[in-house]
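Visitor: I have just opened this one and have not looked at it before. Could you walk me through it while I ask things as they come up?

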Amino acid sequence: ALPSPLPLPLPSVMLGRRAPPSPDRHHQVLRSTPEQRMAVLRDGQPIAPYPVSTSKFGLGDIPGRSETPLGNLEIARKIGAGAPSGAVFKDRERTGEVVAPESPGRDPIVSRILWLRGLEPQNAHAFARYIYIHGTPAERNIGFAASYGCIRMRSQDVIQLFDLVGTGARVTIATAPLEALVPSLALPVGTAASPPPFPEVR
């Protein structure tokens, strides 16, 4: 008699499990620390600029220090889909509270969390150090180095970023000007006008 064929593995959907999403290889996030600016690229073309805020304690990845890591990272997890703007998170869970921008004496993590994982020795501790891109109600500090290691954004901006990029999207944090990271933003020599604006994000 012929041997019985080996059973084929069932697809994840049939087993009640959702297959993990494919890594986002279309989007890239570039961040200039001296300028406190960020650009999102889609297939190499800039589509959205944002002001941000990195650590007031400087740059680095030593555990126990509240520094922002440099180098190439990726978005490892996205937390907060569907939460209202200003929703407060503690230990990556919603508390049920919603905080308005510039609420006096309040500076929690709000709106969305994009948890970063380092891809190089210089940022290998980023995930374990809970380095996020996240919303802040202290929007007056956006554009300045004011965080405790994470990259802070205005709530409306981090919600838009959350919807634009997927897990696996690369994030580069650098000390170079944004125009050096995104050559298409640079002006031709002798041009005095401002760089062309980013296309509107829809």
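This is a predicted model: local features need pLDDT of at least 70, side-chain atom pairs count only at pLDDT 80 or more; totals for chains, interfaces and linings use all residues.

Visitor: What about Trp 115 and Tyr 132, how are their rings arranged?

Guide: Trp 115 and Tyr 132 make an edge-to-face pair, with 5.8 Å from centre to centre and 90 degrees between the planes. This pair also links distant parts of the chain, with Trp 115 in strand β7 and Tyr 132 in strand β8, 17 residues apart.

Visitor: Is Trp 115 buried or exposed?

Guide: Trp 115 has a relative accessible area of 5%, and because buried means under 20%, Trp 115 is buried. Tyr 132 is buried too, with a relative accessible area of 6%.

Visitor: Which residues do ring pairs link into a cluster?

Guide: The cluster consists of Trp 115, Phe 127, Tyr 130 and Tyr 132, linked by ring pairs.

Visitor: Which ring does the charged end of Arg 112 sit over?

Guide: The charged end of Arg 112 sits over the ring of Phe 162, 5.4 Å from the ring centre. Phe 162 is part of helix α1 and is among the buried residues there.

Visitor: OK, so how many of the 10 residues of helix α1 are buried?

Guide: Seven of the 10 residues of α1, which covers residues 155-164, are buried, so the helix is largely enclosed by the rest of the structure. The buried ones are Ser 155, Asp 157, Val 158, Ile 159, Leu 161, Phe 162 and Leu 164.

Visitor: Switching to strands, how many bridges join β4 to β7?

Guide: Six bridges join β4 to β7, and the two strands run antiparallel. At one place in this pairing, Lys 78 stands opposite Leu 114 in β7. Strand β4, residues 71-79, also pairs in the antiparallel sense with β10, residues 170-174, over four bridges. There, the bridge partner of Leu 73 is Val 171.

Visitor: And which residue is the bridge partner of Val 88 in β7?

Guide: That partner is Val 110, and it belongs to the pairing in which β5 and β7 run antiparallel and are joined by two bridges. Strand β5, residues 87-90, is also joined to β6 by three bridges, again in an antiparallel arrangement. In that pairing, Phe 89 has Arg 94 of β6 as its bridge partner.

Visitor: How many residues lie between β5 and β6 in their hairpin?

Guide: There are two residues between β5 and β6, and Asp 91 in the turn has a positive phi of about 55 degrees. For context, most residues other than glycine have a negative phi. Gln 36 has a positive phi as well, near 55 degrees, and its place is in the loop between β1 and β2. At 6% relative accessibility, Gln 36 counts as buried. Glu 102 has a positive phi of about 65 degrees and is in the loop between β6 and β7. Glu 102 is partly exposed, with a relative accessible area of 33%.

Visitor: Last topic: how much space lies in the largest pocket?

Guide: The largest pocket holds about 190 Å³ of space. Its lining includes Tyr 130, Tyr 132 and Tyr 148, along with residues such as Asp 107, Arg 129, His 134 and Arg 152. By type, the lining residues divide into six nonpolar, three polar and three charged.

Definitions and conventions:
Residues are numbered from 1 along each chain as its sequence is written. Side-chain values use heavy atoms; hydrogens and water are left out. On a 1 Å grid over the protein atoms alone, a cavity is a set of points where a 1.4 Å probe fits but cannot get out, and a pocket is an open set with protein on both sides within 12 Å along at least five of seven lines; lining residues have an atom within 4 Å of a point. Grid points are joined across faces, edges and corners, and a volume is the space filled by probe spheres set on the points. Ala, Val, Leu, Ile, Met, Phe, Trp, Tyr, Cys and Pro count as nonpolar, Asp, Glu, Lys and Arg as charged, and the others, Gly among them, as polar. Buried means under 20% relative accessible area, exposed over 50%, partly exposed in between (1.4 Å probe, protein chains only). Two strands pair if DSSP finds at least two bridges between them. Rings of Phe, Tyr and Trp (its six-membered ring) pair if their centres lie within 6.5 Å; planes under 30 degrees apart count as stacked, over 60 as edge-to-face and the rest as tilted. A charge sits over a ring if NZ of Lys or CZ of Arg is within 6 Å of the ring centre and within 35 degrees of the ring normal.
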